Amino acid sequence: AAEVEAIALGALRDRIGSLRDGTELPSLAAKVAEGAIDPYTAADELLAQLAL
């Protein structure tokens, strides 16, 4: 179980890192700064991108 968890967490870290290079994270951050969405909604939307 620990090995599977470690592999899954590593894959998630890689995918999160790749989101930083895209446009989604800056776009969501701008929406939060503008007050258009809250940080929790932004995080949910970012996590939804991991499922794709």
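Does A42 count as buried or exposed, and at what relative accessibility? At 8% relative accessibility, A42 counts as buried, where buried means under 20% relative accessible area, exposed over 50% and partly exposed in between, with a 1.4 Å probe and protein chains only. The model is predicted, so local features need pLDDT of at least 70 and side-chain atom pairs count only at pLDDT 80 or more, while totals for chains, interfaces and linings use all residues. Residues are numbered from 1 along each chain as its sequence is written, and side-chain values use heavy atoms, with hydrogens and water left out.

**Helix 1 and helix 3**
- Helix 1 (residues 2-21) and helix 3 (residues 39-50) pack at an angle of about 115°, and their axes are 10 Å apart; helices are DSSP runs of H or I with at least four residues, numbered from the N terminus.
- Axes are lines fitted to C-alpha atoms over the stretch in contact, and angles run from 0 to 180 degrees between N-to-C directions.
- Helix 1 and helix 3 are therefore roughly perpendicular to each other, a label for angles of 65 to 115 degrees, whereas those over 145 count as roughly antiparallel.
- Their crossing is right-handed, that is, the near helix is turned clockwise from the far one by less than a right angle.
- L12, R15, I16 and L19 of helix 1 meet L46, Q49 and L50 of helix 3, contact being heavy atoms within 4.5 Å.

**Helix 2 and helix 3**
- The axes of helix 2 (residues 24-34) and helix 3 come within 9 Å and cross at roughly 165°.
- This makes helix 2 roughly antiparallel to helix 3.
- The crossing of helix 2 and helix 3 is right-handed.
- E24, L25, L28 and V32 of helix 2 form the contact with P39, A42, E45, L46 and Q49 of helix 3.

**Nonpolar core**
- The largest nonpolar core has six residues, L19, L28, I37, A42, L46 and L50; such a core is a set of buried Ala, Val, Leu, Ile, Met, Phe, Trp, Tyr and Cys residues joined through side-chain atoms within 4.5 Å.
- Helix 3 supplies the largest share of this core, three residues.

**Individual residues**
- A42 lies in helix 3 and, leaving aside neighbours within four places in sequence, is in contact with L28, V32 and I37.
- L50 touches L12, R15, I16 and L19, not counting residues up to four places away in sequence.
- D44 is also found in helix 3, but D44 is exposed, with a relative accessible area of 53%.

Conventions. Helices (H or I, at least four residues) and strands (E, at least two) are DSSP runs, numbered from the N terminus. Angles under 35 degrees count as roughly parallel, over 145 as roughly antiparallel, 65 to 115 as roughly perpendicular and the rest as oblique.
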